[in-house]
Amino acid sequence: MSAVSDGMTVTRILVVEDDRELGELLVRLFRDVGYAADVARDGQTGLHLALTREYDVLIIDRGLPGIDGLDLLARLRRRDVAAPALVLTALGTVEDRVAGLDGGAEDYLVKPFEVDELLARIRALLRRAGTRAHTMAVGTAEFDLITRRVTTVDGSAATLSGRESDLLRMLAEAPSRVFSRAEIVAKVFPDAAAESLVDTYVHYLRRKLGAEVVRTVRGTGYRLGAL
Ligand code: CA
């Protein structure tokens, strides 16, 4: 599930489009730029492919025989298919756009469109999906696991050290769970094996992110607090 440029995995796109000519044109276009593409000519086939294979982006025509594009997308979202979707439509009214976005589409393009614009929008969807994959929520704040930056809703940010980041991540992955010092040592400080280190690093996190970020559960350990 990453960009074509890393040489290991190929971006996979599913095109659901009943217009044979347009479907074939899109598949050729995507293959030319290095994406792998499948095309389905009706909603039922699109549903089957999207449920049985992994795609990075879904391009769905709104007007399809059988299951219509928005209905298809709604069914996929209910089945936890989370790949970003761009809906193609011949209609371009505001109501239509709202219906598409409310229906679970990340983006929307009105026919006829320029292929360069379609490609740019696909790149934007892939970038956004890539960003989501390495960020997690800590309360209302966003925690970027690569830059180790925690950004609160009011825009203030703090950068964590590697160990601080590992500790916060462990707590944030199970926000309602209480972790014992021994558990934290085993996961975050396996080379040190000193439980007092946990208290030290909790202190560091509180200094950077506020006293409330980690809650002490007396006699048990620590859990995620609030930001
Ligand atoms: Ca159509």
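Hi everyone, let's start at the metal. The calcium ion has three kinds of protein donor atom to look at: D18 through OD, D61 through OD and G63 through O, lying 2.1 to 2.3 Å from the ion. Please keep in mind that this is a predicted model. Along the chain, the calcium donors follow the spacing D-x42-D-x1-G.

How accessible are D61 and G63? D61 has a relative accessible area of 4%, and because the cut-off for buried is under 20%, D61 counts as buried. G63 comes out at 46% relative accessibility, so G63 is partly exposed.

Now to the sheet. Which order do the strands take? The order is β2-β1-β3-β4-β5, an open sheet of 5 strands with parallel pairing. At the edges sit β2, residues 36–40, and β5, residues 107–110, and each of these pairs on one side only. From one strand to the next, the twist averages 20°.

Let me zoom in on one pair. Strand β1, residues 12–16, runs parallel to strand β3, residues 57–61, and the pairing covers 4 bridges. As a quick reminder, strands of a sheet pair through backbone hydrogen bonds, either parallel or antiparallel.

Helix α4, residues 94–102, lies across β4 (85–89) and β5, at about 145° to β5. Helix α5, residues 115–133, lies across β1, β3, β4 and β5, and its angle to β5 is about 175°.

Finally, some backbone details. Most residues other than glycine have a negative phi, and most peptide bonds are trans. With that in mind, where is the cis peptide bond? It runs from K111 to P112, with omega near -5°, and P112 belongs to the loop between β5 and α5.

Then there is D80, which is not a glycine and yet has a positive phi of about 65°. You will find D80 in the loop between α3 (69–78) and β4. Is D80 buried or exposed? D80 is exposed, at 69% relative accessible area.

R148 also has a positive phi, about 60°, although R148 is not a glycine. R148 lies in the loop between β7 (141–144) and β8 (149–151). With a relative accessible area of 33%, R148 is partly exposed.

That's my tour, so over to you for questions!

Notes: Residues are numbered from 1 along each chain as its sequence is written. This is a predicted model: local features need pLDDT of at least 70, side-chain atom pairs count only at pLDDT 80 or more; totals for chains, interfaces and linings use all residues. Side-chain values use heavy atoms; hydrogens and water are left out. Donors are N, O and S atoms within 2.8 Å of the metal (3.2 Å for Na, K and Ca); water is not among the atoms, so sites may look incomplete. Buried means under 20% relative accessible area, exposed over 50%, partly exposed in between (1.4 Å probe, protein chains only). Two strands pair if DSSP finds at least two bridges between them. Helices (H or I, at least four residues) and strands (E, at least two) are DSSP runs, numbered from the N terminus. Axes are lines fitted to C-alpha atoms, for helices over the stretch in contact, and angles run from 0 to 180 degrees between N-to-C directions. Contact means heavy atoms within 4.5 Å.
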